[in-house]
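Me: I've got a structure open and I'd like to learn how to read it. Can we go through it together?

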Amino acid sequence: MFGYLLRRLGTFVPTFIGVSLVSFLFIRLLPGDPIMLMAGERGMSDERYSALLTQFGYDQPIYLQYWDYVVGILQGDLGVSFKTKRPVWDEFFALFPATLELSVCAMAFALLLGLPAGIVAAVNRGKWPDQLLMSTALVGYSMPIFWWALLLIIYFSGVLGWTPVSGRMSLQYFFPSGTGFMLIDSLVSGQKGAFSSAVQHLILPTIVLGTIPLAVIARQTRSAMLEVLGEDYVRTARAKGLSSLRINGLHALRNAMIPVITVIGLQVGTLMAGAILTETIFSWPGIGKWIVDAIGSRDYTTVQGGLLMIALIVMVVNLFVDITYGFINPKIRAR
Amino acid sequence: MNTVLNTNEGAGGGSADDGADDAAQARPGRFREFWRYFRENRGAVAGLCVFVFFIGLAVFADVVAPHSPIAQDRGAFLQPPFWQDGGTTEYLLGTDALGRDLLSRLIHGARYSFFIGVVVVVIAATSGVLLGLIAGFAGGRTDTLIMRLMDILLAFPSLLLALVMVAILGPSLVNAMIAIAIVLQPHYVRLTRASVLGELPKDYVTSARVAGAGTLRLMFVTVLPNCLAPIIVQAALSFSTAILDAAALGFLGLGAQPPTPEWGTMLADSREFVLRAWWVVTLPGLAILINVVAINLMGDGLRDALDPKLKRS
C-alpha cells in the first residue's frame, strides 16, 4: 500500500508542475505585456511602467519569474487582482464556500436519485422501468445545462413563482457569514425564515448542476449492478433462497459500488465546469461566476489564480479517489 | 464509414472474425455486418434518422429557410409562434427581439453546429491519434512526455480550459473550435495509445515486422486499422460534446458572436426575455438537445456494433 501511495504521489508532482506552468504562461501568452494589461486603456508614463515592471518582477529572466510564482503558490500567494487590488488567494477562499455548498448539494441530489435509479433499472433489465430510466438518463446526459436552467426559471420562478431567480439569500435577512455556507450560517443565525430562504435559493441551481452527474451515476450504477448480478456468488445466494431484496441490496450493491465510487470522483471536473455556467445564470457568488466575470473585465491575475486553484482541486480529489480505490480494491495496488 | 471499416480486412488475423477462406467475399460484407448489428438498436437508427434530417437542414438551409436569418422585421418584435394569440403563419415559430424569424435562424444554426462538430472532431482526432500512435510506438521517454502533457490538459475541467484559451485568442467561433479541439484531444491520445499497446505484442504485427514493414507502415497500415473501433465511437461522442461546449461558450459570449445564428449565441441573446417570450429561449435549446441526444444514441449504437468488448451489457 505504501509503495502504491508513493507511486501515485509520484505522478502528482509532475502534473502539479505542468499545471502551474500552464497558469504561469497564461498571462504571458496574452497579447500585450502584463503591466500594460494592468494599466488598461489609460496607459501610463515610462517611469511608472519601469517601476511596476521591477515591482512585479517582470524584468527578471523567465525561469526566475516562474520560480517566484511557484514559491508564491506554496506560500498561498497568487498575486493581486488587477481589478479589486485584493489578494487573489483571499478572494478565492471568500467565494469558494458558495461553490462548495452548491457542489455538495448537487452531488447529494445526483446520488440520492442516481443510485436508486441505476439499481431499479438493473434489476428490471430490459423491462419498461429500465427503458424509461435509461432514456431519461440519456436526455439528462445530453442536456445543455445553461438551457435547462433557463427552462426551470421560466417554469418554477416565472409560472409558479416558487423559487427566486438568483442569488443565495433574500435581501431581507442579514447575518454574519461565519462558515461561508449559507445553510449553516442561516441556521445558526436563528432568524425566522432565513434557512428556508437559503434552501429556496439552492433548489434550482442544485438541480441544474446535479443533472449530468445524476445521469452518469444512474448509467454507471446500472452497468456495475448488471455485471455483479451475473456473478457466481449472486447465483449462489439466490440458490440458497435469500430474498431478492437481500441479494440486490446487500450482496450485489456492495460490490457494484466500487466502480461507482471512481465515477463519483471523476464528476468533480464536471461539477467545476458546470459551476461556471450554473453560477453565471443564477448569479451565484461562487468561483465559477468569479472567473467568468474576471474574463469579462480582463482581470487576468484572477483568471490565472482561479485556473490554477480549480485544477489543483480536481487533481487533489482524483488523487484522493485513487488512494481510496487502492484501499478498497487490492488488485489496483498490485499494479 | 464503409471505406474505414474495409481497411480492417487487410490486417487480417487479430480482429477479423470471419474465416480466412471467405476473406475475399467479406470485403463488401464488412459494412453489411456492421449495419446488421447497428440496425438491431432501434434507438441508434432513430438517432441516425434525426441526424440525417439535421444534416439535410444544414445543407439546404438557404432553400428550406423561409426568411433570411439576419433580416429584421421592424413590425414584428417578439412575435409568438403561429398557434398562439398574436402569432402569424408568416413567422411559424415566431420572431426574436430584433424581429428576426426564429425558424430560419434555427435552420441556419444547424449549419454552425455541424460545422463545429466536424471541424473539432477532425482536428482533435487526427492530432490525438497521431500523438497516440507516436506514444505507443516510441515508448520510453517520448511516451512518458506525451502522456504527462495529456495528464496536465486533463487536470483542467474542459469548459474552463476552453474559456481561458478563448480569453487568450479572443472570442470568436474559430477560436472556440480550436480551444474545444485541444481540450478533447487527450482522450484520443489515451485511447489510441492503449489500443496500440494492446495490438503491438500480437503475432500479426510481429510477422509484418519480420516481413520488413517500416515503422510508418506498421503504424498506419498494420496497427491503426485495428485500433479504429473505439476511436470511431469516441469521435461520435466528442461530436456531441463539441456541439454542447461550443454552445456553452456562445452562451457565455465567448463563442460565435451575434448576429451569427449559432444556437448557444441565440440563447445568450434571449436571456433577458426568459419570463416574457418563452419561444426565443425554449426553441434553440431544444434544437441543441435533440441534436445531442440523436448523436449520443448513434454513438451508443456504434459502440455496440463496432466493439463488442465495450458493450454496455
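Me: How many helices and strands does chain B have?

Reply: Helices (H or I, at least four residues) and strands (E, at least two) are DSSP runs, numbered from the N terminus. Chain B has 12 helices and 0 strands. This is a predicted model, where local features need pLDDT of at least 70 and side-chain atom pairs 80 or more, while totals for chains, interfaces and linings use all residues. Residues count from 1 along each chain as its sequence is written, with chains lettered from A and ligands numbered from 1 in written order.

Me: How many residues of chain A are in contact with chain B?

Reply: Contact means C-beta atoms, placed from the backbone, within 7 Å. Here 38 residues of chain A are in contact with 35 of chain B. Elements of chain A giving two or more residues to that side include α1 (2-29), α9 (194-229) and α11 (244-281).

Me: At what angle do α9(A) and α11(A) pack?

Reply: Axes are lines fitted to C-alpha atoms over the stretch in contact, with angles from 0 to 180 degrees between N-to-C directions. For this pair the angle is about 155 degrees, and the axes lie 8 Å apart. Angles over 145 degrees count as roughly antiparallel, so α9(A) and α11(A) are roughly antiparallel to each other.

Technical notes. Contact = placed C-beta atoms within 7 Å. Parallel < 35°, antiparallel > 145°, perpendicular 65-115°, else oblique.
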